Amino acid sequence: MALHKGPIACAHGLVLEATHAIHDGALEALLIPGFWAESAEHIDTALAANADLVAALSIRGKRCQLWSYCVGVCLAAASGRLSNQHATVTWWLADTMLKRYPKVRWQIEQNCIFNEHNATATGVNGYLPIAQSLIERHVSPAIFRDLIKLMVLPRPARSHDVFQAISLIKQPSTLLRQVHALVERLPADQITLLKLASELGMSERTLARKVRSEAGVPAATYARRIKLSQVGERLTLTSAPVNAISTELGFSSDANMRRMFKDLTALTPAKYRQQFSRC
């Protein structure tokens, strides 16, 4: 399925043959996947390059359900299909989307929203909560749990958007991957710009400049999110007490960890575990 029938040039020289176009036949639903973008400016470029697709979605969307996740939500919003509807989007696009599409009833705190005509989800794995909702609605939650247990399927990623963003940010840069690994290894109360710079063989000023340039946030903020993402992982994947997690990861105090975690996620560790736990 594509905008037009015919060959489609993909990455690494791969060419796929589209045998059906969006306008062909009676479609029940269209899924808009996420795509790579590092900033709002990249979104502008993508929207301009896909103007024909956005127009087609606007027309086709009136006759079928429109599902989108991650940055793909931007295309759905640009088509006008989300106007006056509840929707969500990846956290780092929240401010941009609120300003550009004020008619959409944004609920950024939600990781997946279904309504009668649309579905939106956050993160690069947003197709998983969409699939989960469909299975639970049309079959049953019990059947979905059986599918997870019996089939070789990825379990829907359930974590706060800010932690999903950390895994995205670290991918394209060698430096950020090095910082990420180092922060995960060090106790929280030993993580300073001086310590990180020394371990990486560069000056504090150089490290601060490069991290801000590549991650889009100050080095201290980036490091704190990485360490708190470890807290989030342990909350969802284990039943360890919160104070034990704090001690294991080297925070100066349990109270300090709890305060930082709530400042970042707007949830206490207990509420986070209740909402996202896989146990």
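Where is the place of P269? P269 sits in helix α14; helices here are DSSP runs of H or I with at least four residues, numbered from the N terminus.

Before going on, some housekeeping. This is a predicted model, in which local features need pLDDT of at least 70 and side-chain atom pairs count only at pLDDT 80 or more, while totals for chains, interfaces and linings use all residues. Residues are numbered from 1 along each chain as its sequence is written, and side-chain values use heavy atoms, with hydrogens and water left out.

Back to P269. Its relative accessibility is 2%, so P269 counts as buried; buried means under 20% relative accessible area, with a 1.4 Å probe and protein chains only. Leaving aside residues up to four places away in sequence, P269 touches L235, V242, R258 and F261, where contact means heavy atoms within 4.5 Å. Take V242: 27 residues separate V242 from P269 in sequence, yet their C-alpha atoms are 7.1 Å apart.

Now the rings. The structure holds four aromatic pairs. Rings of Phe, Tyr and Trp (its six-membered ring) pair if their centres lie within 6.5 Å; planes under 30 degrees apart count as stacked, over 60 as edge-to-face, and the rest as tilted. One of the pairs is Y272 with F276, tilted, at 4.6 Å centre to centre and 40° between the planes. Y272 and F276 are four residues apart in helix α14, residues 269–276, and therefore about one helical turn apart. Y272 is buried at 1% relative accessible area, and F276 is buried too, at 4%.

Finally, F261, one of the residues that P269 touches, joins Y272 and F276 in a cluster linked by ring pairs.

Methods: Helix = DSSP H or I, 4+ residues; strand = E, 2+ residues; numbered from the N terminus. Buried < 20%, exposed > 50% of the residue type's maximum accessible area, 1.4 Å probe, protein only.
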